[in-house]
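Dear colleague,

I am handing over the structure below, together with some notes on what I found when going through it. Please have it open beside this message as you read.

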Amino acid sequence: MAVSPLMNDPMLAVPLKRMDPLDWVKPLKAFIKETVNEHEAECSAEALEKMSRLRKAVKEVAEGKESVSEHAIEQVFYPYLALLEHACAHFPLKDGRVRVSFCWYDVAFRKKVALPSVTWEQSCVLFNAAAAYMFLGTSEDRSSADGIKNSFKHFQAAAGVLECVRARVSTLSERLTVDLCTDGLAMFIALAMASAHHCSYLKARNEMKDKHAVLSKLSMEASLLYDGVAKLMAHPTLAEITHRRWIGHCEFSRQLMEARANIHLAEDFLKQDELGIAVARLQRAVVLLGEADKTSRELGAAYTQLLSSVTPGVRRQLDAAVLDNDRIYHCRVPKLDALEPPPRLGKALAKATPLAGLLELSTVADPFTNITPVHILDAQTTLHDDTEAVVARMHATVREHRESRRTALTRLGLLPAIAAAEKEAAPGLPEELHQRIAAINAQCGGHCVAYLRDLSQTLSGVAEAAR
């Protein structure tokens with residue numbers, strides 16, 4: 001993870017995922033030529049080449065060959081995602097029928113997963129868009145109001161994109177890289193939200209300089225959010241992708257923000273002439289800053305320089321408060337182990353910015369309008385298969401009824417009688433058969449034989465129609 005080099009508050013950015021090269025032209029041209037015609041395959045070549053160029057640009061941004069910027073997100077990432085969405089509507093890119101495989105590495109560049117599903121490709125590109133937003137958030141100059149505002153916006157956007165990634169990968173049943181599994185995404189989303197809330201504290205500190213009770217709650221909320229991120233990073237399932245510096249950053253931020261919460265509480269108690277409690281809070285802040293100093297030694301100059309700008313002032317404030325208390329107020333100073341943690345706000349002020357539909361993120365038009373959408377082709381195939389199945393079942397039913405009829409008539413000895421009734425005259429028939437026909441007619445009426453004859457003709461007609 002990249003750390004912002006600014007003097008104020010260091011923050012982390014998620015590394016971008018890397019991927020293997022892919023040529024869109026060859027597999028999709030072959031599919032179009034096979035399922036449509038060669039003319040449409042040639043007409044689609046330009047759009048397919050554009051998809052390949054945009055994917056290559058995504059790859060170059062991830063590898064650091066091109067800079068991470070809002071221009072890259074809006075003119076590379078989102079147009080490529082829009083083209084993927086258009087392609088999904090026309091080609092079977094989610095079930096492997098088009099021979100293409102998307103190979104992506106985890107953020108630590110250790111393990112890779114190759115899947116034939118475009119959902120995997122979209123999820124990884126979206127993850128990189130979120131990583132780019134976080135990088136932009138860390139790169140803003142948070143010493144200015146505009147810088148804090150922009151940083152806050154970028155971190156919220158990153159969280160929103162990561163939520164979209166989480167929704168998409170939930171539809172995949174295959175084994176994924178750890179960073180896009182449930183625990184990995186939860187950790188990255190929590191980091192983006194903690195960073196955004198951290199920015200909201202910085203904004204409030206500039207705008208509400210005397211509201212120390214509120215600032216203390218904001219700061220303590222940030223501390224607890226970072227503590228939650230550190231615990232997620234320490235989870236065994238994320239050992240493949242997390243680095244101890246990441247956990248160190250979250251520990252440092254937790255210690256720093258809790259120290260600030262105590263400093264703000266001390267300021268509030270000083271206003272109320274509660275010097276004993278104020279001294280205890282400042283003492284607790286100095287302890288936390290000392291712990292943060294130990295943590296910062298493995299993190300780099302951005303962390304140690306920040307502490308060097310904070311700690312001396314807190315120590316001077318503590319010395320002055322102790323001196324005033326000893327000389328004037330003589331208030332009892334609570335023991336540090338008896339101090340309750342500063343109250344938290346109870347909610348993060350940051351909210352993940354919902355991501356619009358992929359087609360709404362870019363103005364890229366559908367370049368495959370002349371190709372019948374894959375869902376229509378699939379529906380046509382399904383209808384044809386269902387129709388053939390119905391006809392086959394009708395044939396089987398008619399055969400079954402015909403055989404049943406013949407068996408019953410044979411058992412009754414009526415087949416010759418029916419055959420005789422179908423003819424106006426039946427010269428040459430044995431006298432015995434004429435006598436049997438006359439006996440049946442006398443016993444149940446001629447309508448019985450006529451009915452069976454009609455039934456036989458009806459079934460024969462149905463069988464002929466089914467053919």
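Does Asp 20, at 21% relative accessibility, count as buried or as partly exposed? Asp 20 counts as partly exposed, because its relative accessibility is 21%, and the classes are set so that buried means under 20% relative accessible area, exposed over 50%, and partly exposed in between, with a 1.4 Å probe and protein chains only.

Before going further, please note that this is a predicted model, in which local features need pLDDT of at least 70 and side-chain atom pairs count only at pLDDT 80 or more, while totals for chains, interfaces and linings use all residues. Residues are numbered from 1 along each chain as its sequence is written, and side-chain values use heavy atoms, with hydrogens and water left out.

Overall picture

The protein chain has 15 helices and four strands; helices (H or I, at least four residues) and strands (E, at least two) are DSSP runs, numbered from the N terminus. Of the 467 residues in the protein chain, 46% are buried. Among the contacts in the protein chain with a separation of 6 or more, 77% are between residues 24 or more positions apart, where contact means heavy atoms within 4.5 Å.

Salt bridges

The structure holds 16 salt bridges, a salt bridge being a side-chain nitrogen of Lys or Arg within 4 Å of a carboxyl oxygen of Asp or Glu. One of them joins Asp 20 to Lys 112, with the closest N and O atoms 3.7 Å apart. This pair links distant parts of the chain, since Asp 20 is in the loop between strand E2 (12–13) and H1, whereas Lys 112 is in strand E4 (residues 112–115), 92 residues apart. Lys 112, at 48% relative accessibility, counts as partly exposed.

Another salt bridge is formed by the side chains of Lys 65 and Glu 63, at 3.3 Å from N to O. Here Lys 65 counts as exposed at 60% relative accessibility, while Glu 63, at 25%, counts as partly exposed.

The side chains of Arg 284 and Glu 258 also meet in a salt bridge, at 3.7 Å from N to O. That pair links distant parts of the chain as well, with Arg 284 in helix H10 (residues 275–296) and Glu 258 in helix H9, 26 residues apart. Arg 284 is partly exposed, with a relative accessible area of 24%, but Glu 258 is buried, with a relative accessible area of 10%.

Helix H9 and its partners

Helix H9 (residues 244–271) packs with H8 at an angle of about 160°, the two axes being 8 Å apart; axes are lines fitted to C-alpha atoms, for helices over the stretch in contact, and angles run from 0 to 180 degrees between N-to-C directions. H8 is therefore roughly antiparallel to H9, given that angles under 35 degrees count as roughly parallel, over 145 as roughly antiparallel, 65 to 115 as roughly perpendicular and the rest as oblique. The residues of the contact of H8 with H9 divide into 14 nonpolar, seven polar and eight charged; Ala, Val, Leu, Ile, Met, Phe, Trp, Tyr, Cys and Pro count as nonpolar, Asp, Glu, Lys and Arg as charged, and the others, Gly among them, as polar.

With helix H11 (residues 301–329), the axis of H9 comes within 12 Å and crosses at roughly 25°, so H9 and H11 are roughly parallel to each other. The H9 side of this contact includes His 249, Phe 252 and Leu 256, and the H11 side includes Tyr 303, Leu 306 and Leu 307. By class, the contact of H9 with H11 has eight nonpolar, two polar and two charged residues.

Two residues to look at

Ser 216 is placed in helix H8 (residues 212–233) and counts as buried, at 0% relative accessibility. Not counting residues up to four places away in sequence, Ser 216 touches Ala 261, His 264, Leu 265, Pro 342 and Pro 343.

Leu 355 lies in the loop between H11 and helix H12 (374–412) and is partly exposed, with a relative accessible area of 24%. The C-alpha atoms of Leu 355 and Gly 160 are separated by 5.8 Å, although these residues are 195 residues apart along the chain.
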